[in-house]
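Trainee: I have a new structure open and would like a short walk through it. Can we start with the terms and then look at the details?

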Amino acid sequence: MTSALLSLLEEKRVTSDTISKPSLVTSKFKSINDFPDELLLKILSHFRPEELCLVIAQVCERWNALARDVTLWKSLSYRCDKYSEFSKDVQVLAEAPALHSFIIDNRDDAFQLLELLFDSCGCLKKLNLRFCSLSEDSTGLLASIVAFYPNLEELTLKGCFPLTEAGYSLIPRLKKLSVLDLSHSEELSGKAVRLIAESCQHLKKLNLDDVRKISDDDVVHIIKKLGSQLITLILDGEDLTDVAFSNLSNCVR
């Protein structure tokens, strides 16, 4: 474990330059274990989640506690893609209770990863799923997301399948959403989008690219409800007319 840690420190080039007061470091501390927690947290902020969970946390009790520090994880995101090893993902999720941001890309076992997430990570604020299989009971899975993470601030369901009207109808329960990406959602209807616009009053970024079942009236409704606060609105213009686009002038931000 020591050799693994040394290799990581060398890779990150963690030296006294990492700390804001190098003279203090070199004069007062004889080893890294003499550093106060706030300096060690500064160093650990340079590591990836898998390094924190699988290496740093195994060094000793103190480093295990530091590797789980909530402030450290607020700026970290763990990503699983089609090249990730499932066994490693399981280990990381089990050791990352303070995880704030989770990304799953192009996985057929996304529902299994999410079930692991529900069991171990209670602080999630950002969940990004891209082109993932959500199992036959995708509505039940979305219901679990809403139940476990009612304070979710960012949700991406880009190109995920299968998703139904019943599943999309659960999204309005996430009242604190500020970023929502439903691009490439084939079954997303104008009715569901209207409900989201009415209920998710903190939305600042909304992506509806390649969503074909929304009309001019739906876009007008979105802008009426959210136009004063939206920073980003992405639409598929193929089936829309000037009626929708002329209303974009009401998106003042």
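Mentor: Contact means heavy atoms within 4.5 Å. Helices (H or I, at least four residues) and strands (E, at least two) are DSSP runs, numbered from the N terminus. This is a predicted model, where local features need pLDDT of at least 70, side-chain atom pairs count only at pLDDT 80 or more, and totals for chains, interfaces and linings use all residues. Residues are numbered from 1 along each chain as its sequence is written, and side-chain values use heavy atoms, with hydrogens and water left out.

Trainee: How many helices and strands are in the chain?

Mentor: The chain has 13 helices and seven strands.

Trainee: Which residues of α11 and α12 meet?

Mentor: From α11, Gly 190, Val 193, Arg 194, Ala 197 and Glu 198 meet Asp 217, Asp 218, His 221, Ile 222, Lys 225 and Leu 226 of α12.

Trainee: At what angle do helix α11 and helix α12 pack?

Mentor: The angle between α11 (residues 190-199) and α12 (residues 216-226) is about 5°, and their axes are 9 Å apart. Therefore α11 is roughly parallel to α12, a term for angles under 35 degrees. Axes here are lines fitted to C-alpha atoms, for helices over the stretch in contact, and angles run from 0 to 180 degrees between N-to-C directions.

Trainee: New topic. How much of the chain is buried?

Mentor: Of its 253 residues, 45% count as buried. Buried means under 20% relative accessible area, exposed over 50%, and partly exposed in between (1.4 Å probe, protein chains only).

Trainee: And which residues have the most contacts inside the largest nonpolar core?

Mentor: Leu 99, Phe 102, Leu 117, Leu 127 and Leu 208 do, in a core of 73 residues. Such a core is a set of buried Ala, Val, Leu, Ile, Met, Phe, Trp, Tyr and Cys residues joined through side-chain atoms within 4.5 Å.

Trainee: What is Phe 102 in contact with?

Mentor: Leaving aside neighbours within four places in sequence, the contacts of Phe 102 include Tyr 78, Leu 93, Leu 117 and Leu 127.

Trainee: Where is the cis peptide bond?

Mentor: It joins Phe 161 and Pro 162, with omega about -15°. Pro 162 is in the loop between β4 (154-158) and α10 (165-168).

Trainee: What about the phi of Asn 106?

Mentor: It is near 55°, a positive value in a residue other than glycine. Asn 106 lies in the loop between β2 (101-105) and α8 (110-120), and counts as partly exposed because its relative accessibility is 41%.

How values were computed. Parallel < 35°, antiparallel > 145°, perpendicular 65-115°, else oblique.
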